[in-house]
Amino acid sequence: MERNGFPALLLVVLSNVILLFSPASVVHGWGVDGHFAVCRIAQPRLSDAAAAAVKQLLPEDAEDLASLCSWADKVKFRYKWSSALHYIDTPDNLCNYSYNRDCKDENGEKGRCVDGAIQNYTTQLLTYNSAQSSKSDFTSDNLTEALLFLSHLMGDIHQPLHVGFTSDKGGNTINIHWYTRKTVLHHAWDDNIIETAEEQFYNSNVEDLIGAIQKNITSGWTDLVPSWEACGGSKTTCPTVYATEGIKAACDWAYKGVEEGSTLDDDYFESRLPIVKLRLAQGGVRLAATLNRIFG
């Protein structure tokens, strides 16, 4: 079964998925800590209706949405069709994004990118109220899957190198040193910037990092939050806007000053950390705003 060109994944494995995210198995990075932060930032911003819907859609033994915010990364290796939904490849050095030009997978199938996927799973979740009134099973209706994919992909689209250049696969083929450690540029943005921030400023504790970002949202960024939440016209979500911001941030910050073999240390870390915090904040605020519009 497919919905809008996306294979339907029935979550018969969800009872086991919780075990993947027990404290003993957590791996740090925008693969986990960044996604955890986006969902944790979103949770207290949910309306009563959205919070109730999220609770109903999550497995009974899930602690909260954040505890499953990396589920989509775990299943993409088993469900290979979903891999293309996590990113967008754009033409090298143009530093702009066009849905019609760029939102496609490696086989050229239109709509199969993180922008198209966010739109697809939002559309699926808009059937929640009718499914609830008909007492449908949310798992068989694919709504639990849609919630978990949407929540994860909202984080991905706010990571600048998930909207990167085609030739280097979003920085995945640019070899660098993060201080003394060999890695690739994409990994630096997925993991290293967050890990280094946690080690240097937040007692190696993601909750402390999240607390600092939430403080910025309610103080320094207060005037910006309404524009982050807004979605033009009657749209429920605006991933094309988020992707456009992403490629600009990739050009202005992620790629800038980096070449094959570069060593990235304090100067790069200290100047890029505010961008990471900003994008995590925007991802969380926008996830909450989107869920509020869906379930409101």
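## Strand pairing

Two strands count as paired if DSSP finds at least two bridges between them. In this predicted model, strand β5, residues 175–178, meets that condition with β7, the two being joined in the parallel sense over two bridges. W178 has L264 of β7 as its bridge partner.

β5 also pairs with β6, here in the antiparallel sense and through four bridges. On this side N175 has V184 of β6 as its bridge partner. β5 and β6 form a hairpin with two residues between the strands, and Y179 in this hairpin takes a positive phi near 55°.

## The sheet and its helix

Taken together, the three strands make an open sheet in the order β6-β5-β7, and the pairing is mixed. β6 (181–184) and β7 (263–264) are the edge strands, each pairing on one side only. Helix α9 packs on this sheet and touches β5, β6 and β7. The direction of α9 makes about 130° with that of β6. Strands of a sheet pair through backbone hydrogen bonds, and the pairing may be parallel or antiparallel.

## The largest pocket

Helix α9 (185–201) also takes part in the lining of the largest pocket, as do β3 (88–90) and α8 (143–156); each of these elements supplies at least two residues. The volume of this pocket is about 480 Å³.

In total, 21 residues line the largest pocket. Those nearest its centre are K76, Y87, H162, N172 and H186. Sorted by class, the lining comprises nine polar, seven charged and five nonpolar residues.

## Confidence

The average pLDDT of the chain is 90, and 86% of the residues score at least 70. Over residues 1–5 the pLDDT is below 50, and this stretch has 12 contacts in the model beyond near neighbours in sequence. Residues 8–29 likewise have a pLDDT under 50. For residues 8–29 the model has 47 contacts beyond four places in sequence. Where pLDDT is low, predicted coordinates should not be read in detail.

Methods: Residues numbered from 1 in each chain as written. Predicted model: local features only at pLDDT ≥ 70, side-chain atom pairs only at ≥ 80, totals over all residues. Heavy atoms only, no water. 1 Å grid on protein atoms, 1.4 Å probe; cavity = no way out; pocket = protein on both sides within 12 Å on 5 of 7 lines; lining within 4 Å. Points joined across faces, edges and corners; volume = space filled by probe spheres on them. Nonpolar A, V, L, I, M, F, W, Y, C, P; charged D, E, K, R; others polar. Contact = heavy atoms within 4.5 Å. Axes fitted to C-alpha atoms, helices over the stretch in contact; angles between N-to-C directions. pLDDT = per-residue confidence, 0-100.
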